[in-house]
Amino acid sequence: MTYSSDWHRVSPLAIIHHGLTFLRQLVGSNPGPLLGLVAGTVAFARESPLMIATTALTLVLLGVVMAVMGWLRFLYRVHDGAIQVQQGVFTRHKLTLAFERIQNVRLERPVYLRPFGLARLTIESAGSASEEVHLPGIPLAEAEGLRDRALHETPSRQAPEAEVPGADSPASQELLRRRPSDLIIYGISSPAILWGGAIAASLLGALTRNMGDARNQQAEQAMNTLLEAMPGWLPDFLVLPLAILLLLLLMALASMTMALLRYQGYQLFREGERYRVTSGLVTRREQGIRHQRIQHLHMAQSFVARLFRRHHLSCHPIGPSLPDQPDGGGGALMAPSLTPVEQARIIEALYPGLDWENLRFQQVSARFMLPRFAFWGLLAVITAVWVAVSDVPAWTLALFLPVPPLILLNWRRQGWCLQGERLILRGGLIGCHYTLFDAYRVQTLRLFQNPLQRHAGLANLGIRLGSGGFRIPFIPWGTGARLMDHLLWQVETSRAPWL
């Protein structure tokens, strides 16, 4: 497909996309100021409803004008092996992104663009802090052409031995397909459900403690409302457990619904040296990434997923991350709810020759538990003093009983394994997660220790990739030094391209 070097505008329907994106970010990322604004508006509307209506209408019109001006000022073109974008209403920005620097491409077809044969294309470059090129509302044929060119453009410095096995084959090979039952398992195994249950239990517990308090009539009214909603034959002591169970079921239903909307029709293909994922019910999404761009692989297994013997796998390209956080940049390629057979097949495609079933992990030192025991022990003492000097019920101390076995379980989960040029890290609490990467992907290494570790001859090994940071805690200093030397040797001697 040939491209004109003239500047083009996206479809006017892109204004809808920008508006929806703004609302989603406003509500999802920072709801606090929004809730405060709404509460203030409602309170003020009782005094001056006409002024509120006038202000709201003015803000809406101003938003529409800004969106239209942003669309008029947004231009893009393909020129000299790169995508160029000009945008900005008051401050003009110009971006040039070479095709050989592109690492991640997403093509989406939302319901408001699909009937018009339009799509939105998101392109990320290596090390980008966010989406560098975002083209909402361009013809589908043009979006597919840009996607194919971006994913097949290969840097000239790529070494011959770094080619992915089977990369010369142009045929499309299906690696994975997800059924609705798989997505339901993925939805109910979300850790957010357990955290939501803990928060709900805390809130309901606070309501019961405040019952009868004349200063907190709202808590008493809320509890009375809850009791009235329950059947009359139900004993009072079962009200709270059933309420928490009902909230968990509602959260699980919402999580399953979101999983079905996001991943319905999921298919993972391998096409030469790249991988392509298609999924989505309302918005049809397509994401592609070259094999060599993948920095690390992450496999997570929550407690519920463990019951179903499933893992959720994600492949991470280069991206920004917080220090020592395992899941770094955005644009991860997801493979949800994998059975052991499917997991082995995908790992073999990504890391040929890795003997996953026979990995032998080395345990970290048992002193890993000491700081955690000290923290929770101090917290238990403070709580005991609080119980003794206040009217807090004594059963509150029973909440600390699960802490020691959980700390022990967390220590048992910690481990690492070096197999050839690959390093595998293991962690988790009730569930378990793994991180896998090639040694030559390492950017920086740091061996450090605190005074307590120094006394015991232990240290922590910090590892940073282009996609995130990791740490192997409480290993012998000599073991950490040898492992660091081995990783550095792999980096220096490997001829494989980093990108």
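User: In this predicted model, is Ser337 buried or exposed?

Analyst: This is a predicted model, in which local features need pLDDT of at least 70, side-chain atom pairs count only at pLDDT 80 or more, and totals for chains, interfaces and linings use all residues. Residues are numbered from 1 along each chain as its sequence is written, and side-chain values use heavy atoms, with hydrogens and water left out. Ser337 lies in strand E13, where strands (E, at least two residues) and helices (H or I, at least four) are DSSP runs numbered from the N terminus. Because buried means under 20% relative accessible area, exposed over 50% and partly exposed in between (1.4 Å probe, protein chains only), a relative accessible area of 0% makes Ser337 buried.

User: What is the phi of Ser337?

Analyst: Ser337 is a residue other than glycine, yet its phi is positive. The value is near 55°.

User: Which strand holds Phe474, and what is its relative accessibility?

Analyst: Phe474 also has a positive phi, near 55°, in a residue other than glycine. The strand is E20 (residues 468-476). Phe474 counts as buried, and its relative accessibility is 10%.

User: Which strands are the edges of the sheet of seven strands?

Analyst: Strands pair if DSSP finds at least two bridges between them. The open sheet runs in the order E13-E12-E11-E17-E16-E15-E14, with antiparallel pairing. Each edge strand pairs on one side only, and the edges are E13 and E14 (362-363).

User: What is the bridge partner of Gln362 in E15?

Analyst: E14 and E15 (residues 415-419) pair in the antiparallel sense over two bridges. The partner of Gln362 in E15 is Trp416.

User: What angle does the direction of H10 make with that of E13?

Analyst: H10 packs on the sheet and touches E11 (296-301), E12 and E13, a contact being heavy atoms within 4.5 Å. Axes are lines fitted to C-alpha atoms, for helices over the stretch in contact, and angles run from 0 to 180 degrees between N-to-C directions. The angle is about 150°.

User: How many residues of the lining of the largest cavity are nonpolar?

Analyst: A cavity is a set of points on a 1 Å grid over the protein atoms alone where a 1.4 Å probe fits but cannot get out, and lining residues have an atom within 4 Å of a point. Leu268, Tyr275, Leu313, Cys315, Leu333, Ala335, Ile346 and Leu350 line the largest cavity; E12 (311-316), E13 (333-338) and H10 (340-350) each give two or more residues to this lining. With Ala, Val, Leu, Ile, Met, Phe, Trp, Tyr, Cys and Pro counted as nonpolar, the lining has no polar and no charged residues, and the nonpolar ones number eight.

Notes
On a 1 Å grid over the protein atoms alone, a cavity is a set of points where a 1.4 Å probe fits but cannot get out, and a pocket is an open set with protein on both sides within 12 Å along at least five of seven lines; lining residues have an atom within 4 Å of a point.
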